[in-house]
Amino acid sequence: MRAVNLIPAEQRGGSSVGAGRSGGVAYAVLALFAGIAVLAILYGIASHQVSTRKGQAASLEARAAQAESAAQQLAPYTAFAALRQARTQAVESLVDSRFDWAHAFHEFGRVLPFGASLASLTGTIGKLATTSGGSKSSSSSSPAASVGAVSSVTPPGSIPTFTLTGCAASQDTVAETIDRLRLINGVSTVTLSSATKPGPSGSGAASSGGGSGGCGRAVTYNLQVAFQPLPTTTAAAAAATTRTVSETTTGGSK
Amino acid sequence: MTARDRNVLIVVVLLAILGAGWMLVVSPERGKASKLATQISTAQATLSAAEGKLSEAHNAQAQYATAYAAVVGLGKAVPASDEVPSLIYQLERASSSKNVDFSSITSTLSSSSSSSSATTAAAASAAGFSQMPFTFVFSGSFFDLEHLFAQLDRFTLRTPTGTLQVSGRLLTIQEVKLAPAAAGGVASSNQLSGTISAVAYVLPGTQGLTAGATPLSPSGTSATVSGSGSSTPATPAVVEATP
């Protein structure tokens, strides 16, 4: 039996199904139109975004310019507020950098033992603790002075140093004085320069012992008391606040 | 050309046309939109900054009376000129209240013989303030002098809440010397002579106390300046000064 090809002649030879007479060109044209339509939609969206955003940017820029202009008009007020803040901070830093002399004197008066008295006292800020005489340390140039650009004459890190001269009933009293001075809050070192008891005749050693005299038969002592270096302004402010609160709580001791 | 080749060619041409359309028309527009989005975010940041500045300025305007009073109040601690008479008056009042005799005051700035640190530091400015070194001499008992030092500190102090309280001149004591006071050549029993080296502060010469501001408005504005939408006039500042 002879085989018969039942497929129409125009559709033979592997031509695609549905290509039709145009051979698929119609589909291609349709796809092209569809693609162009998608592109047009995308373009439209982008174009709309551009126009919207242009308006938005212009509006924002106008508002920013308006706000800038208004702020510029009020700039003197801002400048004055800044001046106030700068001055307040400057005064606060100077206040915080001060050494509390009254507290130190109060403590000296509190810890000196019975039998010991104070004849003279010299306190300086910025001197390093030395064992030299008080007159020498008070006339020498201090580290604080050499730092010309400091913001305070008592800058953080300066060491408050006191030279105490006085009379004590005995050498034991001098020792007790040293021990008790070390109890003062903030004292770092207490150094004895001299403790001289007059000779049997009541003259000589006492008058040349560097003291101010006037102790009679008592011991003339000379001590150096160095406090901790002055803290930074923020730490000083916190410490001052703490101490003030503490003094308020205890009701003071004077 | 077979049908297959033709189809491939059609697809390639189609893609080329669509690609060209994308590249030449759509993509540039989308690029513009993207660029504008960046521009908008920049403009928004600028607007936020400007509004922040404006808000700060409005706040400063609203607080002007308080700020003016504070600056004038700080003038008691750090005046615009040396104000030595006022300083003497304050020291005399403080010493009298503490049973201390205010013996002398010496300006060490003009003293050429002094080699103290106060003089050396006089040229330095403290936080923009000029320094005025002085030496004061007081006479009193140990504890009266202690109370006087506390009083001098209280001229300008920080309250426990951290705010400044100004009732007099800001002084930084640098050196204290206590020695028996000699009354008529004879040392008194419990009276001490206290020599204090201290520094007072003065505002820089280029600034006035209020830098040209008046109670109604700062320098450079009229009293009726108002911000956008704000019609609140500046409240006149009232400063109470106690001698």
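In chain B, in which helix is confidence lowest, and in which is it highest?

**Figure 1. Confidence along chain B of the predicted model.** The structure shown is a predicted model. In chain B, confidence is lowest in helix α4 (residues 117-120), where the mean is 37, and highest in helix α3 (residues 84-97), where it is 93. For chain B as a whole the mean pLDDT is 80, with 79% of its residues reaching 70 or more.

**Figure 2. Confidence along chain A and scores of the model.** Chain A has an average pLDDT of 77, and 70% of the residues score at least 70. The pLDDT is below 50 over residues 127-150 of chain A, a stretch with 41 contacts in the model beyond near neighbours in sequence. Residues 204-212 of chain A likewise have a pLDDT below 50, with 13 contacts of that kind. The model scores an ipTM of 0.75 and a pTM of 0.69.

**Figure 3. The fold of chain B.** Chain B contains 5 helices and 6 strands. Along the sequence, these elements follow the pattern α-α-α-β-α-β-α-β-β-β-β. Of the 243 residues in chain B, 41% are buried. When contacts in chain B between residues at least 6 apart in sequence are considered, 71% of them join residues at least 24 apart.

**Figure 4. Helix α2 of chain A packed against helix α1 of chain B.** Two packed helices are described by the angle between their axes and the distance between the axes. Here helix α2 (residues 75-96) of chain A and helix α1 (residues 3-62) of chain B pack at an angle of about 70°, and their axes are 8 Å apart. Because of this angle, α2(A) is roughly perpendicular to α1(B). From α2(A), the contact is made by Tyr77(A), Thr78(A) and Ala81(A); from α1(B), Glu56(B), Ala57(B), Ala60(B) and Gln61(B) take part. Sorted by class, the residues of this contact are 4 nonpolar, 2 polar and 1 charged.

**Figure 5. Glu68(A) in contact with chain B.** Glu68(A) belongs to helix α1 (residues 25-73) of chain A. Its relative accessibility is 29%, so Glu68(A) counts as partly exposed. Leaving aside residues up to four places away in sequence, Glu68(A) touches Ala50(B) and Lys53(B).

**Figure 6. The enclosed helix α3 of chain A.** Helix α3 (residues 101-111) of chain A is largely enclosed by the rest of the structure, because 9 of its 11 residues are buried. The buried residues are Trp101(A), Ala102(A), His103(A), Ala104(A), Phe105(A), His106(A), Glu107(A), Phe108(A) and Val111(A).

**Figure 7. Phe108(A) and the nonpolar cores.** The largest nonpolar core has 50 residues, of which Phe108(A), Phe162(A) and Phe136(B) touch the most other members. Not counting residues up to four places away in sequence, Phe108(A) touches Leu121(A), Phe162(A), Leu164(A), Leu181(A), Ile184(A), Val225(A), Phe227(A) and Phe142(B). Another core, of 17 residues, lies apart from the largest one and includes Leu74(A), Phe80(A), Ala57(B) and Val71(B).

**Figure 8. Thr124(A), a buried residue in a strand.** Thr124(A) lies in strand β1 (residues 116-125) of chain A. Is Thr124(A) buried or exposed? The relative accessibility of Thr124(A) is 3%, so this residue counts as buried. With residues up to four places away in sequence left out, Thr124(A) touches Trp101(A), Ile159(A), Pro160(A) and Thr161(A), together with Gln174(B) and Glu175(B).

**Figure 9. Two residues of chain B with positive phi.** Most residues other than glycine have a negative phi. Asn99(B), which is not a glycine, has a positive phi near 60°. Asn99(B) is placed in the loop between α3 and β1 (101-107) of chain B and is exposed, with a relative accessible area of 61%. Ala211(B) also has a positive phi, of about 55°. Ala211(B) is found in the segment after β6 (186-202) of chain B. At a relative accessibility of 35%, Ala211(B) counts as partly exposed.

Key. Residues numbered from 1 in each chain as written. Chains lettered and ligands numbered in written order. Predicted model: local features only at pLDDT ≥ 70, side-chain atom pairs only at ≥ 80, totals over all residues. Heavy atoms only, no water. Axes fitted to C-alpha atoms, helices over the stretch in contact; angles between N-to-C directions. Helix = DSSP H or I, 4+ residues; strand = E, 2+ residues; numbered from the N terminus. Parallel < 35°, antiparallel > 145°, perpendicular 65-115°, else oblique. Contact = heavy atoms within 4.5 Å. Nonpolar A, V, L, I, M, F, W, Y, C, P; charged D, E, K, R; others polar. pLDDT = per-residue confidence, 0-100. Buried < 20%, exposed > 50% of the residue type's maximum accessible area, 1.4 Å probe, protein only. Core = buried A, V, L, I, M, F, W, Y, C linked by side-chain atoms within 4.5 Å.
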